[in-house]
Amino acid sequence: MPKKKTPRKNEDDSQPEEKIPDVLPFIPLRDVVIFPHMLFPILVGRESSVAAVTEAVAGEKLLFVATQKNPLTEEPIEDDVYLNGTVVRILQVLKLPNGLMKVLVDGLATAKIFALEKKENGCPMASLWPIRPQPETTTRTQALTRHIDATFAEYVKLHRSIPDETLNAYENLNDPQRKLYYAASVALLNVETKQSLLESPTLNEQLYQLARILRKEIELLKMEREIDEEVQSSIQKTQRKYIIQEQIRMLRNELQKEDAAQEDGTNDTNQRTDGEDVRDDEPTEEYVRLLSRFRMIKRLMTREASEKAKEEFRKLRRMSPLSPEATVSFNYLDWLLAMPWRTYTQDNYSIRHARWVLDHDHYGLEKTKERILEHIAVINMVGNVRGQILCFVGPPGVGKTSLGRSIARALNRSFARISLGGIHDEAEIRGHRRTYIGSRPGKIIQAIRKAGSSNPVLLLDEIDKLSEDFQGDPASALLEVLDPEQNHAFSDHYLEVDFDLSRVFFITTANVRYNIPPPLQDRMEIIELPGYLEHEKVEIAKRHLIPKQLELHGLKPMKVRFKRSAITKIIREYTLEAGVRNLEREIASVCRKISKREVESRSDAEDLRRVLELIDADWVPPPDDDVDSNGKYPRLGEDENAFSPGLQNESDRETRDGGMTERSTEREDLESLEKLLDDDHIWDILTDPEPIPMVIEPNAEDGMGDAPKTRRNSRHAERAKEKAKPEKRPPIWVTPDDIRTFLGIPRQRGKHELKDKIGSVIGLAWTSVGGDILHVDVTIMPGMDKFVLTGQLGEVMKESAHAALSFLRSHAESLGLPMDFAEKKDIHIHMPEGAIPKDGPSAGLAMALAILSAARKSPARSDVAMTGEITLHGDVLPIGGLTEKLLAARRYNIRTVIIPKANETDLDEVPVPVRKGLHIIPVEHISEAIPYVFERKQHKRCVAS
């Protein structure tokens, strides 16, 4: 099969044609016809062809190619090739290791040979007569071109070997001649047919001939497809006949079932009326298990689900257990029977109980708790949960997910959580069709099955992190789930049976409100969780985090206690966050350190206990001949065969029955223990899992007689046990000094060191993890009127900086600045922590005052923070996230905060503990904020709480 050509890019038709020489190097081709405007690789191996390529490369890189009449001819002459061919340009020459050359050529125009000669170097040269057909724009040409378009499109769709992308490239061509050559080169035609197209004298004749050839090929392709379908039909005829016969037999058996079996759609025996069994195979164990399960719970299923199960059992009974369809049916029935269709938990709508649960599980969040209690009260009055969906919005670690668990516990409902972060496929919500491999229900149905009831508390976590791609929009799929008017008949693509979600208590969570899709926001009630104050974090740590971590790390609460100052040190110097997630991590780190220290101290005590137990084991002294001249036994290390604790003294020895000597050991300090543990023999015994007691045979000469073989020192055993008893220890107190030892250098120490500086102002920012302060640094230096912004600022923040500078320049005189304070000067605004992207309009006020401080060379107060968007006239516009920003100011011990005048009404929504101790100053214009930033005195306009 000839190689496919690559079309050249669609060039402008008005481009002048290249001049073609009368004599060009010639290469004969085998089984290939190259058309103009086509890119084609040629494999060159004959010496004459290699010489022709070399000649062309040395010149203008032009060649003439024509097709051989007989591809087996090795050295063709003029009569062995077609006279009509194509002038091509060499684009690339690649020499292969086997001596061949791969040449990439580009077709330029058609030409005809009238003489063929060979040069002395063996290079064949062709004298040419260029053929330049004139473009035709007649009505017939247009009609033929349109006919070619339709015919070629049908040909490509029918031919299995031609990709669909070929048709896209063809449609991008405009010139009829280029379309002709492209279609002729792509079509899988023989060499004679393509050569006849190349030799046609006019464009209309070429188009007509190509249309006739393509139509003939289309008819052949249709015939081939029909023959292929007939062959496939013939092959499957026997199988279809067998399947039809089996279906007829099963239908006949179904008609003969008993009335009781007809009601549940099942039949364990397939027998005729005369008792003869008509089925050889028996039901599988899995089939019987599902059938028994269905009979037990069918009354708990909805009518639609029960009918669907009956239908699936009928299909499954007719299938072979080894078929893939049987596996799909088994899985589907398992899901259908596992769903809690009419299973509900008994609700507890007691407001008092709900308040106790919320207060027990969470500290603070009074407004949030009150809204939850109102929601429960409405459910108590109405009797169902249809209505607004609660959506908790706040930074990580403020208790959004745990609030959902508490609501489930308060209502006595089961709880299930679905993480929506990163979901981009609609099928994750609605489920997959059963026709796909690995299909399964959506996350909603999976959570309902996991909860085990039809009225659980279902938490949709991270709803602001949904994504969208070509597989669908999961946010749109959630509309049916969360809409009370639609979710009573939620249809999952896998179950194919409507499921009632109207009694499900839906709760959603998000970190950022504006990332929630607007249609979903319309169906939810947003409840903001701003974050915790320092005293709230301390109480949460004492009541919840510390007991939890002590239990997880094996530390009893009565033995390890945290001082309040230690908790405060962790909060101020190691976390600085809106939630308590990092606080819990740091407490867990402290508990790990304490656990490690306890295990290390226990290991020393364990060594002492084991030594005492070994000493208390059966032991007798060595023979009398081992006693030295002073009547003492040798110590360890003096005789490697002796076994003695080596801690005796003269007063410890007593002589009793039969001359046996028993000794007890007194150890008052660790020095004796260290001497004992230094001996290698003791460690050999310690590592022996079952030490063998020494046995001394009685010696008649010593008068021992029937004395026992071993004796115990009861007094020594009592003392050893007394020593091994654990001592009562006082509780371990974790102090601020211990925090520094356990957690290392404080990570937030630099942010507390705020000093008055020229050109440095403190702004307030809102982030997805809570509020934070924002340093705005400005410097003015001699230069070329450049305005530089650094710190990875967003476009909105850059616009605020330009607006601030424009206001100061236009009002320089009223602000006490020289009119030329910015002329021939470079102004540089920088916000530290450049690795963190920053954007938003609320930094305009801080930027304007920072530039003013640098221009006046007057330091700005470091105990004043501000937020607000500005206009070119200096007006201060309202902002969002006021509560989070005030929390950030308190966190950094900043007591004076400047806010827009329009946000003064929002202070009523800010919790009182957040406002307490803050001097909140509302301003309408930049000029009103200047005295508070550059003067240290009290002002009557402060809103003190």
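Biologist: How many aromatic pairs are counted?
Modeller: The model is predicted: local features need pLDDT of at least 70, side-chain atom pairs count only at pLDDT 80 or more, and totals for chains, interfaces and linings use all residues. Numbering runs from 1 along each chain as its sequence is written, and side-chain values use heavy atoms, leaving out hydrogens and water. Rings of Phe, Tyr and Trp (its six-membered ring) pair if their centres lie within 6.5 Å, with planes under 30 degrees apart stacked, over 60 edge-to-face and the rest tilted. By this rule, the number of aromatic pairs is 9.

Biologist: What kind of aromatic pair do Y287 and F313 form?
Modeller: The centre-to-centre distance for Y287 and F313 is 5.8 Å. Their planes stand at 85 degrees, and the pair is edge-to-face.

Biologist: How many residues apart in sequence are the parts that Y287 and F313 tie together?
Modeller: Y287 belongs to helix α9 (residues 285-297) and F313 to helix α10 (residues 303-318); helices are DSSP runs (H or I, at least four residues), as are strands (E, at least two), numbered from the N terminus. The pair therefore ties together parts whose separation in sequence is 26 residues.

Biologist: Is F313 buried or exposed?
Modeller: Buried means under 20% relative accessible area, exposed over 50% and partly exposed in between (1.4 Å probe, protein chains only). F313 has a relative accessible area of 0%, so this residue is buried.

Biologist: What kind of pair do F294 and F313 form?
Modeller: F294 counts as buried at 0% relative accessibility. The ring centres of F294 and F313 are 5.4 Å apart and their planes are at 45 degrees, so the pair is tilted.
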